[in-house]
Amino acid sequence: TSMSKPNDTYCPLPFVATTTSPDGYCRLCCESTIPYYTKVTDLKQWWTSDTIKEIRRKMLQGEHVKDCEVCYKEEKTLGTSLRTQEISHWGKIEQATELPIYLDMKLGNFCNFRCLMCDPLSSNRIMNEWRELGWDKELPFREASVNHHDISTAWSTDWSWPNELEFWKIVQECIISGGKKLKFTGGEPFLNPHVLKIISSVDKDVDMRFTTNGSIWNSKIENALKNRSDLHIVVSIEGTRLVNDYIRDGSEYDVILENYNQMQKYCKTICWQTSFGAINLQDMPDFIAQCIEKKQHIALIEIRGPEFMQITALTKQARKQTIEKLNHLKSTITTGMLGQTKVDLTANNETVQKLFAHTDEAKMSSEIDSLIKIIESSLEISQSSKPLINYLSTLDKSRSKDYKSILKHSDFNP
């Protein structure tokens, strides 16, 4: 059922979707900051629980929902968020579906990478590394998990939970009862046998989405995905070659680029996704320029945790210089684009804007705008880079790497 118009707190996701955390719990959505510790095998109880009913009621009444702080904050800075995007996709639903028709699934932590901003809940390689460093007993930094979960659960989790028969029954029921959309993230979904099992049991026209590290692409995956009519893939990458391969330990740049080109043949949409923070912000102008040159789409996401990795660990001067470079880059996109369109530039500016608005260049220009806004809004805040440097130094020792040879470390705050 549709409402007349959504208010400022309404989101369709609690009416149609459930997210599973890698350790097997239900979450309101991938941005929700509150864990509920309801097992995925109890999804039916979760879907009709007083907790989620109260969240839906608040949203319909326009009341503030504590879980949704991330979206509220993004809307203040950027004017857009996951909430607004989901309203565009689903419309305004005010009656919950019988079961979720959109499943956003993280089926464990099996992954072949050790990315610097990741944690044991999303990578078993990180889990093993942290155990070797003694970080399973005591973390040397204040825990700030990207997954909004207590990281310490990683070592007590039974990671075989996706094998449970009850889980598979629920997935099948959700799909049969009108499943419209499936999303798989990590661990690494293309390494996960459960993912292929689900893909093979779903109609070809179901909207299917993946966020992958881009390292795995083979005939088995290709055959499972090649005839899908609504396939969308997001490939994680953190910058130009050296910066990316430093941040994403296990990554081989050329392999990722080649796999991206192979995936592109089968996708309705494909794009890079980059999490930016103090480590790679200064690399962003060069990386974005590379994407423009190759006509590749990019989605930029601010690192939320661990907090010591955020851009505020960079000097204000470094952040301001990045803004200057991004503004320059943006001017080259628009002039380049308008130069190609045979438009009388003295004509009504609105005509030019309309022509530009639907181009790939406009999307890139919009991403750059958002990045500039986020950097500008950070300029009032600074944090010491000591926790970040300690973190990098410890992992460098374990991984035989050296951040000083790759990053502009002189631009970190003292």
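Helices (H or I, at least four residues) and strands (E, at least two) are DSSP runs, numbered from the N terminus. The model described here is predicted, so local features need pLDDT of at least 70 and side-chain atom pairs count only at pLDDT 80 or more, while totals for chains, interfaces and linings use all residues. Residues are numbered from 1 along each chain as its sequence is written, and side-chain values use heavy atoms, with hydrogens and water left out.

**Cavities**

A cavity is a set of points, on a 1 Å grid over the protein atoms alone, where a 1.4 Å probe fits but cannot get out, and its lining residues have an atom within 4 Å of a point. A volume is the space filled by probe spheres set on the points, which are joined across faces, edges and corners. The structure holds six cavities of 30 Å³ or more, and the largest cavity has about 110 Å³ of space. It is lined by 15 residues, of which Cys11, Cys29, Asp67, Cys68 and Cys71 are the closest to its centre. Two or more residues of this lining come from each of α1 (13–16), α4 (69–78) and α5 (82–90), and α4 gives the most, with three residues.

Eight strands form an open sheet with mixed pairing, in the order β2-β1-β3-β5-β6-β7-β9-β10, where two strands pair if DSSP finds at least two bridges between them. Within the sheet, β7 (residues 231–236) and β9 (residues 269–276) run parallel and are joined by five bridges, and Val234 has Cys271 in β9 as its bridge partner.

Thr211 is placed in strand β6 (residues 207–212) and counts as buried at 17% relative accessibility, since buried means under 20% relative accessible area, exposed over 50% and partly exposed in between (1.4 Å probe, protein chains only). Beyond its neighbours within four places in sequence, the contacts of Thr211 (heavy atoms within 4.5 Å) include Val234, Ser236 and Gln273.

**Aromatic pairs**

Rings of Phe, Tyr and Trp (its six-membered ring) pair if their centres lie within 6.5 Å; planes under 30 degrees apart count as stacked, over 60 as edge-to-face and the rest as tilted.

| Pair | Centre to centre | Angle of planes | Kind |
|---|---|---|---|
| Trp135 and Tyr391 | 6.0 Å | 20 degrees | stacked |
| Trp161 and Phe167 | 5.3 Å | 80 degrees | edge-to-face |

Trp135 lies in the loop between α6 (124–132) and α7 (165–176) and Tyr391 in helix α16 (residues 386–399), so their pair ties together parts that are 256 residues apart in sequence. Trp135 is buried, with a relative accessible area of 7%, and Tyr391 is buried, with 4%.

Conventions: On a 1 Å grid over the protein atoms alone, a cavity is a set of points where a 1.4 Å probe fits but cannot get out, and a pocket is an open set with protein on both sides within 12 Å along at least five of seven lines; lining residues have an atom within 4 Å of a point.
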